Amino acid sequence: MSAVDRIVVVGASLAGWSAANALRGEGFTGLLTLIGDEACEPYDRPPLSKAVLSGRLGADQLWLPRVDGDVEWLLGTAATGLDVRAREVVLADGRRVGFDRLLVATGTRARPWPNPAERGLAGVRVLRDRDDAARLRSALAARPRRVLVVGGGFTGSEVASSCRELGLDVTLVHRGPAPLSGAIGGAVGAVFADVQRDAGVDVRLGTTVAALDGDDVGRVRRARLSDGDVLDVDLVVAALGSVRNTEWLAGSGVAADERGVRCDAACRVLDPRGAVVDGVFAAGDVARWPHPLHDGGLVSLEHWGNAVEQGATAAHNAVHAETRAHTALPAFWSDQFGLNVKSVGLPSLADEVMITQGSPADREFVAAYGRGGRLVGALAVDSPRVLDGYAALIEARAPFPPVLNAPDAPGDPAPVDAGFPASRTR
């Protein structure tokens, strides 16, 4: 470690925060610099769409613990370039920050509404950071007549849940066959369509927004749907997914594109030919690396746990000659419509799914996901404690359907098509 005097982390969110803490824990005593485009220190994002929007927490109550030891914070100025040969990061204000080791943790941003004119209408919002959450919370507190949520992934579904918790009328428009279908498949996602409708959400599936109309003062007032319906709305939340923050790496010689920054299993960044870029690592939402569960295929995960664990792995490998692979089993969770939803493994790889415990009708069940006769993922609804057993089976590459002998197994369980979009990358 004595040869490494300065480590720069670009991205001052969860993965960067985790890496900085791990570096100090690994014994790195040199200059540690964190660069972030937001003007504040790291905070926790998952509560933004839930506790903050519902008013249970303020946006100023989400701070992560301070990083141990001295840290140079360069906040409020984004990185705009990387010079690998000179070993410098270029900032938007023209400064150049030198490094011995670099860790890329620039994460993602919310995908904006595609039409620039409609995007500029007052009342059209996205949700990604503290400022977004504070503005959206203020808009919800003004009691809009109807909120339109566009996109039924986890963020969109959680926003719709918070709206109903506040007693607001909400319509959710989703181009897929069911809410959450991109993450958990259409078969299980259909359960959540029923959950949302039971909670009072006006769910429109297989539908998109053709246009947004504003009034004379530039405020959104109507949404024209692809099926011909016209909705009167006062607030639109665009939950259209995320964009990985890789543009600043263009021309740097790093293998980075809209899918993320390509890494090996040790979080070492690669060049377009697949060779390791010396001294450069990546972690968190922006990283794309081979996971053993995917048989060497590249994955990128926007999960809280992955950001923490991968940040720590990248930090270890930045200061030790003997590297370790990032092989942690993916896991994510969500709280929505009074339900706790938790997953392990990679359900999105699956061809088939089956209910192995409980009953969707009772809103308490476990679904197991299989691909090619192997268990690759599991999802628990209001049954989080059972997932440890499924995680062990997934890591052991157990067959699918799994043999569980669970006392709450359905009478005659049978696999069905998982219902993932045919266009997804496997």
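Q: Do strands E22 and E23 run parallel or antiparallel?
A: The model here is predicted, with local features needing pLDDT of at least 70 and side-chain atom pairs counting only at pLDDT 80 or more, while totals for chains, interfaces and linings use all residues. Residues are numbered from 1 along each chain as its sequence is written, and side-chain values use heavy atoms, with hydrogens and water left out. Helices (H or I, at least four residues) and strands (E, at least two) are DSSP runs, numbered from the N terminus, and two strands pair if DSSP finds at least two bridges between them. Two bridges join E22 to E23, and the direction of these strands is antiparallel.

Q: Which residue in E23 is the bridge partner of Pro290?
A: Strands of a sheet pair through backbone hydrogen bonds, either parallel or antiparallel. E22 covers residues 287–290, and the partner of Pro290 in E23 is Leu298.

Q: Which strands are at the edges of the open sheet?
A: Four strands make up this open sheet, ordered E18-E19-E22-E23, with mixed pairing. Inside that order, E19 (residues 260–262) and E22 run parallel and are joined by two bridges. An edge strand here pairs on one side only, and the two that do so are E18 (256–257) and E23 (298–299).

Q: Which residues have the most contacts inside the largest nonpolar core?
A: A nonpolar core is a set of buried Ala, Val, Leu, Ile, Met, Phe, Trp, Tyr and Cys residues joined through side-chain atoms within 4.5 Å. The largest one has 87 residues, and its largest share, six residues, comes from strand E28 (residues 374–381). Apart from it lies another core, of 27 residues, among them Leu23 and Phe281. Back in the largest core, the residues with the most contacts are Val89 and Tyr369.

Q: Why are helices H1 and H7 described as oblique to each other?
A: Axes are lines fitted to C-alpha atoms, for helices over the stretch in contact, and angles run from 0 to 180 degrees between N-to-C directions. Angles under 35 degrees count as roughly parallel, over 145 as roughly antiparallel, 65 to 115 as roughly perpendicular and the rest as oblique. H1 (residues 14–25) and H7 (residues 304–319) pack with their axes 7 Å apart, at an angle of about 40°. The pair is therefore oblique.

Q: Is Ser162 buried or exposed?
A: Buried means under 20% relative accessible area, exposed over 50%, and partly exposed in between (1.4 Å probe, protein chains only). Ser162 is in helix H5 (residues 154–165). Contact means heavy atoms within 4.5 Å, and Ser162 touches residues including Ser49 and Leu53, leaving aside those up to four places away in sequence. With a relative accessibility of 2%, Ser162 is buried.

Q: What is the relative accessible area of Ala328?
A: Look for Ala328 in the loop between H7 and strand E24 (331–336). Leaving aside residues up to four places away in sequence, Ala328 touches His291 and Glu309. Ala328 counts as partly exposed because its relative accessible area is 24%.
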